[in-house]
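Morning, everyone. Please bring up the model on your screens. I'll talk about strands first, then charges.

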Amino acid sequence: MRVKIPRLFAEDHDINRELPSGQWLEANDRYMTYCCNPVELQAWLEDAKFYADLDHWKLGGPDWYREGGREICLSAKRALPHIRAAILTLEATKL
């Protein structure tokens, strides 16, 4: 399944932390596009949900949050609808 991920979160997830990401297809200034299987989509979803919890980061790591972490959190939050849509599309094709 093809999925567009906001670039900042994609770079953190795929390149910096080397988490399961799927096959990288293309990129532009705003998005990176991947072809993912269900396991990889689930990894994206769990990671995005974790980072999108802004209250957790404000309380748990204020220095990290202020020093660039906030942008990664917001990028992860923007990734959630893309990832969820890809999962729903994948599930619909199984019916």
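Helices and strands here are DSSP runs, numbered from the N terminus, and a strand takes at least two residues. Keep in mind that this is a predicted model.

Start with the hairpin. Strand 2 and strand 3 form it, with 3 residues between them. Strand 2 covers residues 23-27, and strand 3 covers residues 31-35. In which sense do strand 2 and strand 3 pair? Antiparallel, over 4 bridges. For a landmark, find Gln-23.

A reminder on strands. In a regular strand, side chains alternate between the two faces of the sheet.

Now the charges. Side chains of opposite charge can pair when their charged atoms come close. How many salt bridges does a search of the whole structure find? The search finds 5. I'll walk through some of them.

Stay on strand 2. Glu-26 forms a salt bridge with Arg-2. The closest N and O atoms of that pair are 3.1 Å apart. Why does this pair tie together parts that are 24 residues apart in sequence? Because Glu-26 lies in strand 2, while Arg-2 lies in strand 1, residues 2-6.

Next, Arg-17. Its salt-bridge partner is Asp-47, and here the closest N and O atoms are 2.5 Å apart. Arg-17 sits in the loop between helix 1 (7-16) and strand 2. Asp-47 sits in helix 2, residues 38-52, so this pair ties together parts that are 30 residues apart in sequence.

Is Asp-47 buried or exposed? Buried, at 8% relative accessibility. The cut-off for buried is under 20%. Arg-17 comes out at 30% relative accessibility, so Arg-17 counts as partly exposed.

Where do Lys-49 and Glu-46 lie? Both are in helix 2, 3 residues apart, about one turn of the helix. Lys-49 is partly exposed, with a relative accessible area of 38%. Glu-46 is partly exposed as well, at 40%.

One last item. Some salt bridges share partners, and these join Asp-12, Arg-17 and Asp-47 into one network.

To recap: a hairpin of strand 2 and strand 3, and 5 salt bridges in the whole structure. Thanks. I'll take questions now.

Methods
Residues numbered from 1 in each chain as written. Predicted model: local features only at pLDDT ≥ 70, side-chain atom pairs only at ≥ 80, totals over all residues. Heavy atoms only, no water. Pairing = 2+ DSSP bridges. Salt bridge = Lys/Arg side-chain N within 4 Å of Asp/Glu carboxyl O. Buried < 20%, exposed > 50% of the residue type's maximum accessible area, 1.4 Å probe, protein only.
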